[in-house]
Amino acid sequence: MAISDIPILSMLRTRMDWAQQRQRVLAENVANSDTPRYRARELATPKFDEPNQVAPTAVSAVSLVRTESAHIGGVGTSDSGFRTQTKGSYEVRPTGNAVHVEEEMMKVAANQMDYQAATALYTRSLNLLKTALGKR
């Protein structure tokens, strides 16, 4: 059995890849905070409830679902397997820009903590496997 066949490791890799893609989207939001008529984008969170999400597949083959029916499907410019979403905002500047740098920076910090938690779990899972194999 290959390491990629273990469902928990596959899910953790998917979560880490999602966090990397989300970091890119959040950085684009901050970079365009002064661009007229720019709306902040967000990635849909991957769901692991469905059996095809848990099966060992390549990360690029992950399909995501909307977390709420009110979310708007975003138009991503990357070749990422994750879908971006445009979030409607109530506060819009006179230029039409709806990016709030403070909110985006809080999302960046939360995303960093999520990524660190996923990498710690991944590392500990690998160490547990090494211990079970007697390679430690």
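Okay, let's start with confidence: in the protein chain, it is highest in helix α3, residues 101-133, with a mean of 93, and lowest in helix α2, residues 51-54, at 50. That score is pLDDT, the predictor's own confidence in each residue, running from 0 to 100. A contact here is heavy atoms within 4.5 Å. Across the protein chain the average pLDDT is 78, and 71% of the residues score at least 70.

So, ground rules. This is a predicted model, where local features need pLDDT of at least 70 and side-chain atom pairs count only at 80 or more, while totals for chains, interfaces and linings use all residues. Residues are numbered from 1 along each chain as its sequence is written, and side-chain values use heavy atoms, with hydrogens and water left out.

Now the layout. We've got three helices and three strands, and from the N terminus the order is α-β-α-β-β-α. Those elements are DSSP runs numbered from the N terminus: helices are H or I with at least four residues, strands are E with at least two. Looking at contacts between residues at least 6 apart in sequence, 62% join residues at least 24 apart. Of the 136 residues, 29% count as buried, meaning under 20% relative accessible area with a 1.4 Å probe, protein chains only; exposed is over 50%, and partly exposed is in between.

Back to α3. It has 33 residues and reaches 48 Å from first C-alpha to last, close to the 48 Å expected at 1.5 Å a residue; that expected span is 1.5 Å times one less than the number of residues. Just after this helix, Gly 134 takes a positive phi of about 80 degrees.

Which residues of α3 are buried? Glu 104, Lys 107, Val 108, Asn 111, Ala 118 and Tyr 122. Their cover includes α1, residues 7-31, and β1, residues 41-43.

Two of those names come back in the largest nonpolar core, whose six residues are Ile 6, Leu 9, Leu 12, Met 16, Ala 118 and Tyr 122. α1 and α3 each supply at least two of its residues, and α1 gives the most, with three. By nonpolar core I mean buried Ala, Val, Leu, Ile, Met, Phe, Trp, Tyr and Cys residues joined through side-chain atoms within 4.5 Å.

Leaving aside residues up to four places away in sequence, Leu 12 touches Ala 118, Leu 121, Tyr 122 and Ser 125.
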